[in-house]
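Keep the viewer open as you read.

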Amino acid sequence: MKIKSIFLFFFTSILIYSQQIDFHSAKNIKLFADYLFCDKDYLRAIDEYEKYLSVVDDDSLRFKIAIGFSLMNDQKAAFQKLVLIKDTSPFYEQSKIERLKSLYLLKNDLAFLVLADSLIDSVSKYSKEAWQLRNAALLLAFKELPEKESFLLPFERDDKKILSDLFDFKKNPTYKNEFLAGILSGIIPGAGKIYTQNYGDGITAFLLTGLFTYLAYTNFEHDHQARGWIFTTLGTGFYLGNIYGSVASAQIFNAKLNFEFSEGIKLFLEQKNYFTPAYEFCR
């Protein structure tokens with residue numbers, strides 16, 4: 001009976017205390033939103049922050065909402081929130097570098113370059129970061145690159161070797177000539193594929209074309225006209241196919257180089273955490 005009384009007392013006390021708390025107050029909404037954000041429940045946190053902003057004007061939370069969208073990889077929503085931050089806000093400069101990152105990820109090249117140049121020319125502490133990101137992005141853009149020394153200037157010493165190699169490829173890509181690949185295979189079957197470093201297919205094309213040519217010749221020589229024409233047809237098919245295949249092999253080789261180049265730049269940016277917001281919201 002005594003235990004029941006104690007339990008009833010504590011239960012009643014908790015109920016009365018909870019009724020005294022206003023869970024819908026701006027302060028408690030923000031506390032709950034902060035908890036959700038630090039628990040990486042960004043979508044629900046954003047909903048709670050929006051409720052808070054309907055009562056209190058707070059640019060720090062607008063910035064936090066944008067970072068939340070960015071962490072969810074919703075760059076369009078992140079950018080839309082970032083542009084709402086006023087130029088009088090202490091978060092304005094931070095919002096500009098985050099806008100730059102969003103524009104890069106959204107592949108809005110023109111707006112990205114305009115904002116990047118603006119940040120580089122400013123006295124912002126993010127100028128160097130903007131310079132680095134712009135130069136890395138230029139490797140993927142259809143624009144003329146600056147001089148190599150100028151291009152590498154904003155990067156740290158350890159990064160310069162990687163960027164130097166990427167720069168050299170952009171300036172002088174080691175593509176295979178499709179026309180030359182076809183001509184080589186026209187002269188010597190399989191030579192075009194060997195030129196494109198497709199050695200196995202090149203040797204196979206040479207052997208098969210040679211074999212069918214030999215079989216056609218020997219059958220005609222022994223007056224086996226029907227078999228001679230069959231092997232001639234097969235040999236001609238392999239010969240023409242090896243020319244077409246060599247051109248295709250050059251195209252595949254070049255596409256692979258482009259893919260590896262593009263992925264190399266993306267990997268560099270990811271490893272350097274260019275797109276990971278470095279803001280300490282949770283302690």
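Start with a network: Asp 57, Asp 59, Arg 62 and Lys 86 are linked by salt bridges. Keep in mind that this is a predicted model, so side-chain atom pairs are counted only at pLDDT 80 or more. A search through the whole structure turns up 17 salt bridges.

One of its partners is Asp 57, with the closest N and O atoms 3.6 Å apart. Lys 86 sits in the loop between H5 and H6 and Asp 57 in the loop between H3 and H4, so this pair ties together parts that are 29 residues apart in sequence. Lys 86 also meets Asp 59 in a salt bridge, at 3.5 Å from N to O. That pair links distant parts of the chain too, since Asp 59 is in helix H4 while Lys 86 is in the loop between H5 and H6, 27 residues apart.

How buried or exposed are these side chains? Lys 86 is partly exposed at 37% relative accessibility, and Asp 57 counts as exposed at 54%. Asp 59, in contrast, is buried, with a relative accessible area of 10%.

Asp 165 and Lys 161 form a salt bridge with their closest N and O atoms 2.7 Å apart. The two residues are 4 apart in helix H10, which means they are separated by about one helical turn. Asp 165 is partly exposed, with a relative accessible area of 40%, and Lys 161 is exposed at 54% relative accessibility.

Stay on helix H10, because Leu 163 lies there as well, and at 1% relative accessibility Leu 163 counts as buried. What does Leu 163 touch, not counting residues up to four places away in sequence? The contacts are Leu 139, Phe 151, Leu 152, Phe 155 and Phe 268. Leu 163 and Asn 135 are 28 residues apart in sequence, with their C-alpha atoms 9.5 Å apart in space.

Zooming out, the largest nonpolar core has 53 residues, and Leu 163 is among those that touch the most other members, along with Leu 100, Phe 112, Leu 139, Phe 151 and Leu 269. As background, nonpolar side chains in soluble globular proteins tend to be buried together.

Now for the rings. The structure holds 10 aromatic pairs. One of them joins Phe 151 and Phe 155, a tilted pair at 6.0 Å centre to centre with 45° between the planes. Phe 151 is buried with a relative accessible area of 0%, and Phe 155 is buried at 3% relative accessibility.

Lys 64 lies over the face of Phe 37, at 5.1 Å from the ring centre. Lys 176 does likewise over the face of Tyr 195, at 5.0 Å from the ring centre.

Asn 135, mentioned above, brings us to helix H8, where it is one of the buried residues. H8 is mostly covered, with 9 of its 12 residues buried. Among them are Ser 127, Gln 132 and Arg 134, as well as Ala 130 and Leu 133. The cover over these buried residues includes helices H6 (92–105), H7 (109–121), H9 (148–152), H10 (157–171) and H14 (225–271).

Lys 40 has a positive phi of about 65° although it is not a glycine. Lys 40 lies in the loop between helix H2 (26–38) and helix H3 (42–53), and it counts as exposed at 63% relative accessibility. Asn 73 has a positive phi of about 65° and is not a glycine either. Asn 73 is in the loop between helix H4 (59–71) and helix H5 (75–82), and at 58% relative accessibility it counts as exposed.

Methods:
Residues numbered from 1 in each chain as written. Predicted model: local features only at pLDDT ≥ 70, side-chain atom pairs only at ≥ 80, totals over all residues. Heavy atoms only, no water. Core = buried A, V, L, I, M, F, W, Y, C linked by side-chain atoms within 4.5 Å. Buried < 20%, exposed > 50% of the residue type's maximum accessible area, 1.4 Å probe, protein only. Contact = heavy atoms within 4.5 Å. Phe/Tyr/Trp six-rings, centres within 6.5 Å; stacked < 30°, edge-to-face > 60°. Lys NZ or Arg CZ within 6 Å of the ring centre and 35° of its normal. Salt bridge = Lys/Arg side-chain N within 4 Å of Asp/Glu carboxyl O.
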